[in-house]
Amino acid sequence: MAKQPHLLVEPGDLADIALLPGDPDRVDRIAEQCEESTVVAENREYRVVNATYEGREITLCSTGIGSPSAAIAVEELAAVGVETFLRVGTTGALQSDIEIGDMVVATGASKDEGTSERYENNAVPAVPTYDVLDALVDGAEANDEDVHVGPVATDDAFYAETPEYVEDWAAAGVLAVEMEAAAIFTLARRKGLRAGAICTVDGNLVEGTQKGETEDEELPAKARNNVGRMIAIALDATTEL
């Protein structure tokens with residue numbers, strides 16, 4: 001198959017590294033921080049843009065919400081030559097000392113989602129590639145940013161994150177919960193490719209706050225503002241990869 005059925009891209013269309021936000025509008029926000037950008041394709045939840053950042057050619061591709069659509073994006077991007085995947089998203093904190101607007105770099109992701117188990121046993125860990133993880137931490141240091149570095153949970157059911165789930169994740173020392181990293185890490189590893197993830201905190205489940213509860217927009221103001229700082233870290237990381 002030459003053209004991929006969902007992303008509508010072909011071999012040779014894209015760069016070898018892709019930043020993967022969930023929100024299609026965040027693709028545009030990342031592109032605004034690049035020197036130049038060109039829309040390659042748009043279909044369903046997927047917006048694909050090629051851009052250049054400090055001379056590094058990169059691809060930006062939204063994944064929508066959740067592991068199933070993220071897995072489709074990784075499968076089709078890999079099929080046309082993308083080798084490195086960097087999730088740039090949002091997450092809910094699971095530790096009381098992690099504030100809205102803070103950033104989390106994932107060292108691993110629990111598989112509380114159904115996509116990864118279609119590929120492999122859930123006992124196999126979902127972890128980022130070390131050099132991608134290292135580049136994200138270096139990118140934070142280059143931008144004089146503090147980031148929380150540790151494990152996250154990847155969960156399919158946003159509205160089924162009960163107090164019991166939150167308590168168990170928090171007691172295990174899991175930093176935050178999001179919806180895509182485990183699938184991205186799993187597919188990249190199985191294909192011999194690279195992946196990592198950085199997310200901005202949009203609520204704190206331990207403290208009882210979720211995004212969109214008190215404002216007209218999905219993200220709290222501090223999280224909206226700090227998404228730009230997260231993007232800067234991710235873009236700087238691409239220059240090392």
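Modeller: Phe158 is partly exposed, because its relative accessibility is 27%. Here buried means under 20% relative accessible area, exposed means over 50%, and partly exposed lies in between (1.4 Å probe, protein chains only). Tyr159 reaches 79%, so Tyr159 counts as exposed.

This is a predicted model, where local features need pLDDT of at least 70, side-chain atom pairs count only at pLDDT 80 or more, and totals for chains, interfaces and linings use all residues. Residues are numbered from 1 along each chain as its sequence is written, and side-chain values use heavy atoms, with hydrogens and water left out.

Now the pairing. Rings of Phe, Tyr and Trp (its six-membered ring) pair if their centres lie within 6.5 Å. Planes under 30 degrees apart count as stacked, over 60 as edge-to-face, and the rest as tilted. The structure holds 2 aromatic pairs. In one, the ring centres of Phe158 and Tyr159 are 4.9 Å apart and the planes meet at 80°, so this pair is edge-to-face.

The other joins Tyr165 and Trp169: their ring centres are 5.6 Å apart and their planes stand at 40°, so the pair is tilted. Both residues belong to helix α4, residues 163-171. Helices are DSSP runs (H or I, at least four residues), numbered from the N terminus. Tyr165 and Trp169 are 4 residues apart there, so about one helical turn separates them. Tyr165 has 42% relative accessibility, so Tyr165 is partly exposed. Trp169 is buried, because its relative accessible area is 7%.

Key. Helices (H or I, at least four residues) and strands (E, at least two) are DSSP runs, numbered from the N terminus.
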